[in-house]
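Good morning, and thank you for making time for this item.

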Amino acid sequence: MQYHEMVAQPKMLIVIAAYFVVVFAFAFLARKQKNRDSIKEFALAGKGLGSFVLMATFMASWMGGGAVAGSINSIAYTTGLFPSICYASGSIFAIVILFAIGPIVRKRGKLTTAALIEDSYGTNARVLSAVIIALASFSIVSYQLRAMGIILNATTGFDVNIMTLVACIVIIIATASGGLDSVVKIDAFSVCLMLVGLFAAFAYILPHVGGISWIVETTKEVNPQGLTFTGGWTAKDYLANYAPGFLLALGDNNLYQRMAAAKGDRNVQIGMIGWALGTIIVLPAIAFLSYIGRLYFGDNIIASQSFIALSTICPWVIGGLMMASCSGFILTTGNSYLLSGATNLATDVYTHFKKGAPDKQVLKVTKICIVVFGIASLVILQFFPSILAIQYWASTIVGAGITPALLASVVCPSKVTKAGGLASMAGGTILTIVWEMLGQPYGLATVLVAFPVSVALLVIVSACTHKKAAAQ
C-alpha cells in the first residue's frame with residue numbers, strides 16, 4: 001500500500017500563536033494579583049477552586065503529551081484500536097478510588113503528598129518522597145516538551161529540537177508567573193479548546209479518509225489484528241501497559257494538590273465526575289484518530305506522530321484548532337507537573353535543611369526551581385528513546401516508590417510504620433531504576449516487579465516493626 005507523506009502546514013501556526021497569546025494573558029493577569037505572595041497562595045490558588053475549574057484542571061493536567069504523542073497514540077499505532085481505547089480504563093478506576101479518599105485527603109490539609117506521607121512515616125520519608133516525586137514530575141515535563149516540539153515541527157517544518165526549546169520557554173513562563181491560579185485558568189480555557197479542536201478534526205478527517213469502510217478495508221491489508229480486541233496483546237501486556245498510568249494517578253501529587261485547593265469536598269467530587277466523563281469522551285477519540293493516522297501515513301511517520309500528523313491533511317483552520325488543542329493538552333500538563341515538582345522541592349526538601357525559612361524565601365526558591373528544572377527536563381530527553389519510554393519510567397517510579405506508602409498513610413495510617421514506609425519507598429524506587437538499567441530482565445516490565453516488591457516491603461516491614469513503633 002502507498003502511504004501518504006506528512007507535509008507541514010505553516011498557516012496552522014496562526015491558530016497556535018493565538019492560543020499562546022491567551023495563555024500569556026492569563027499568566028500576566030495572575031502575576032498582577034497581590035494575593036500570590038505566599039507559597040500556599042501560589043501553590044493552592046487561595047483554596048478557592050470551584051467544581052468546573054476542578055473538572056477542567058483534573059482533565060487538563062492528566063491528559064497531556066502522553067495522550068497525543070505517547071501512550072494512547074503509540075499503542076494505537078503499534079498495536080491496535082481497542083487496546084488504545086481501553087487505556088482509558090486505568091484512569092477511570094483511579095478516579096473512583098480518588099473520589100472515595102478525597103474527603104480524607106482534604107481533611108488532612110497538606111500542601112503536598114510528601115507532607116501527607118510525613119504524618120505516617122516521619123520527616124526523612126517526607127524528604128525522600130519529595131525527591132522521588134520531583135524526579136518523576138520533571139521526567140513527565142520532559143515528554144511534554146518533546147510532544148510540543150513535534151507539534152511545532154508539524155506546523156513549521158523547523159527542527160524538532162529547536163521547537164522543543166521554544167516549548168520549554170513557554171511552559172516555564174506560564175508556570176512561574178502566577179502559580180496554580182495561572183495554571184488552572186489556562187487549564188479551563190484549554191479544555192474548552194481541546195473539545196472544539198478534537199471534534200472539529202474528527203468531523204473532517206473521518207469522511208476525508210473514506211469513513212469506517214476505509215478503516216476496515218485498510219486494516220485488513222496493512223494490520224490484520226488492528227481491529228481485534230487484543231491487538232495481539234497478552235494479559236501480561238495489558239497489565240504492563242495499563243498499570244503504570246493507574247498507579248501514577250493514585251500517587252500523583254498534582255491531583256492531591258488540586259483536591260487541597262478546592263473550596264470544599266463537594267466541589268472535588270463534582271470535579272472528578274466531570275473528569276471521568278471527559279476521559280470517557282476524549283481519550284477514545286484520540287485513540288480513534290491515532291489509529292486512522294497509523295493507517296493513513298504508515299511508516300512515513302513514527303508512532304508518536306500518528307495523531308499529530310493528521311492535522312496536516314485538514315484545512316489549516318481545522319488543523320490549527322487540532323494542533324492548538326494538542327498544545328493545550330501538553331502545556332497544561334507540563335506547567336502542572338513543573339509547579340508540582342518545584343513545590344515539592346521547595347516546601348519539603350528546602351525547608352527541611354533551612355529550618356524556619358520565611359514564606360517569601362520559600363516562594364522564591366519555588367520559582368527558581370521552576371526555571372532550573374524546566375531546563376533540566378530538556379536534558380532528561382537525551383536518556384530515553386521515545387516519549388512512551390519516558391512516560392512508563394515516570395509513571396512506574398511514582399507507582400512503585402510513592403503510591404503504596406501514600407495510600408496506606410491515607411487509608412490505614414495505624415497499620416503502617418516509619419520503617420515500613422521508608423523500606424517501601426526506597427525499595428520501589430531503587431528497583432525501578434535498577435530494573436530499567438538492566439533492560440527489564442526476563443522480559444518483565446518494571447512495574448510488574450517494582451510495585452509488588454514495594455507493597456511487600458511495606459506490609460512485611462510494618463508487621464515486623466509494629467510492636468516496636470507502638471512501644472515508642
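Predicted model: local features only at pLDDT ≥ 70, side-chain atom pairs only at ≥ 80, totals over all residues.

Let me begin with the cavities. There are three cavities of 30 Å³ or more. By cavity I mean, on a 1 Å grid over the protein atoms alone, a set of points where a 1.4 Å probe fits but cannot get out, and lining residues have an atom within 4 Å of a point. Grid points are joined across faces, edges and corners, and a volume is the space filled by probe spheres set on the points.

Residues are numbered from 1 along each chain as its sequence is written, and side-chain values use heavy atoms, with hydrogens and water left out.

The largest cavity holds about 220 Å³ of space. Its lining comprises 21 residues, and those nearest the centre are Trp62, Gly66, Ser71, Tyr143 and Gln391. Two or more lining residues come from each of α3 (51-62), α4 (65-69), α5 (71-78), α9 (123-156), α12 (235-251), α15 (316-353) and α17 (387-401). Helices here are DSSP runs (H or I, at least four residues), numbered from the N terminus.

Among the residues lining the second largest cavity are Ile133, Asp252, Tyr337 and Val398. Helix α9 supplies the largest share of that lining, with four residues. The lining of this second cavity divides into five nonpolar residues, three polar and one charged.

I turn now to the salt bridges. The structure holds four of them (a side-chain nitrogen of Lys or Arg within 4 Å of a carboxyl oxygen of Asp or Glu). In one, aspartate 265 meets arginine 106 at 2.8 Å, N to O. Aspartate 265 lies in helix α14 (residues 265-297) and arginine 106 in helix α7 (residues 88-108), so this pair ties together parts that are 159 residues apart in sequence.

Arginine 126 takes part in two pairings. Its closest N and O atoms are 2.8 Å apart with glutamate 118 and 2.5 Å apart with aspartate 348. Arginine 126 is in helix α9 and aspartate 348 in helix α15, so the latter pair ties together parts 222 residues apart in sequence. Buried means under 20% relative accessible area, exposed over 50%, and partly exposed in between (1.4 Å probe, protein chains only).

Finally, some individual residues. Serine 84, in helix α6 (residues 81-86), is buried, with a relative accessible area of 1%. Beyond its neighbours within four places in sequence, serine 84 contacts Ile72, Ile75, Ala76 and Ala287, where contact means heavy atoms within 4.5 Å.

Glutamine 440 lies in the loop between α19 (418-437) and α20 (446-471), and tyrosine 442 lies in the loop between α19 and α20. Glutamine 440, not a glycine, has a positive phi of about 55°. Tyrosine 442 has a positive phi near 60° and is exposed at 76% relative accessibility.

Technical notes. 1 Å grid on protein atoms, 1.4 Å probe; cavity = no way out; pocket = protein on both sides within 12 Å on 5 of 7 lines; lining within 4 Å. Nonpolar A, V, L, I, M, F, W, Y, C, P; charged D, E, K, R; others polar.
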